[in-house]
Amino acid sequence: IYTIISRMMASPLEEGSIAALDFGYMVMQTPLSTFSLAISTAIFPFIAGYAATKSYNELVGTMSKGIRMTALIYIPIALIFMVLCEPIIRLLFERGNFDAHARMMTSRSLFFYSIGMLGLAVNFILIRVFYALNDAVTPMLVTAVGVVGYIILNVILIKYLAHAGIALSASIIHIGTN
């Protein structure tokens, strides 16, 4: 849903805006999918077991350890992406038709997506906690509120940051929905 909304919002913007958002998100998503999935998958059996036996103190403790481990990994990665966004994008993409202007646009996307990286990573854990507790409704409601907030933030931030406002909107929602 977020991808469809971001493409719709970016389509009337400067040429290359959709590609800049896609490439920035792809770079941000690479470590996210690698480490977040590993951590959340590793702790899920424990969380599910604690939920089944109603051992809520242990569940919260395991969840907290997973979130701390996630923060330990993602805060430095996000800072590296924010500080080195241009050299990273240059190294990965700048050749052929991907010129300095495309690098600048994609770097701005990566910078603003990186702000919400930890929130998105923690979301992997929290969703599994809700599922272990047999509560699929809460994540769905939070996502619905997030989508509405995302649209509102996009309308506001696009005026000031163009395509980067879409990336910042996503980051704010990832942080705010946790």
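Trainee: Leaving aside its neighbours within four places in sequence, which residues is F35 in contact with?

Mentor: This is a predicted model, in which local features need pLDDT of at least 70 and side-chain atom pairs count only at pLDDT 80 or more, whereas totals for chains, interfaces and linings use all residues. Residues are numbered from 1 along each chain as its sequence is written, and side-chain values use heavy atoms, with hydrogens and water left out. F35 belongs to helix α2, where helices (H or I, at least four residues) and strands (E, at least two) are DSSP runs numbered from the N terminus. With contact taken as heavy atoms within 4.5 Å, and with the neighbours within four places in sequence set aside, the partners of F35 are I73, Y74 and I77.

Trainee: Why does F35 count as partly exposed?

Mentor: The scale calls a residue buried under 20% relative accessible area, exposed over 50% and partly exposed in between, with a 1.4 Å probe and protein chains only. F35 is therefore partly exposed, since its relative accessible area is 36%.

Trainee: How far apart in space are F35 and I73, C-alpha to C-alpha?

Mentor: I73 is among the residues in contact with F35 once neighbours within four places are left aside. The two residues are 38 residues apart in sequence, and their C-alpha to C-alpha distance is 8.1 Å.

Trainee: Where does K54 lie, and what is its phi near?

Mentor: K54 sits in the loop between α2 and α3, the latter spanning 56-83, and it is exposed, with a relative accessible area of 58%. Most residues other than glycine have a negative phi. K54 has a positive value instead, and its phi is near 60°.

Trainee: At roughly what angle do the axes of helix α7 and helix α8 cross?

Mentor: Axes here are lines fitted to C-alpha atoms, for helices over the stretch in contact, and angles run from 0 to 180 degrees between N-to-C directions. The axes of α7 (residues 137-161) and α8 (residues 163-176) come within 7 Å of each other. Their crossing angle is roughly 145°.

Trainee: Is the crossing of α7 and α8 left-handed or right-handed?

Mentor: A crossing is left-handed if the near helix is turned anticlockwise from the far one by less than a right angle, and right-handed if clockwise. The residues that meet include Y150, L153 and L157 in α7 and I166, L168 and I172 in α8. The crossing of these two helices is right-handed.

Trainee: With which residues is A162 in contact, leaving aside its neighbours within four places in sequence?

Mentor: A162 lies in the loop between α7 and α8, and at 31% relative accessibility it counts as partly exposed. Its C-alpha atom is separated by 42 Å from that of L59, which is 103 residues away along the chain. With neighbours within four places set aside, the contacts of A162 are L13 and L157.

Trainee: Which helix gives the most to the lining of the largest pocket?

Mentor: On a 1 Å grid over the protein atoms alone, a cavity is a set of points where a 1.4 Å probe fits but cannot get out, while a pocket is an open set with protein on both sides within 12 Å along at least five of seven lines, and lining residues have an atom within 4 Å of a point. Grid points are joined across faces, edges and corners, and a volume is the space filled by probe spheres set on the points, which for the largest pocket comes to about 580 Å³. Of its 24 lining residues, the closest to the centre are Y2, Y25, L120, N123 and H174. The lining receives at least two residues from each of α1 (2-10), α2 (17-52), α6 (117-132), α7 and α8, and the helix that gives the most, with 7 residues, is α6.

Trainee: How many charged residues are in the lining of the largest pocket?

Mentor: Ala, Val, Leu, Ile, Met, Phe, Trp, Tyr, Cys and Pro count as nonpolar, Asp, Glu, Lys and Arg as charged, and the others, Gly among them, as polar. The lining holds 13 nonpolar and 8 polar residues, and its charged residues number 3.

Trainee: Which helix gives the most to the lining of the second largest pocket?

Mentor: About 160 Å³ of space lies in the second largest pocket, and its lining includes F23, F98 and M105. The elements that give two or more residues to this lining are α2 and α5 (100-115). The helix that gives the most, with 4 residues, is α5.
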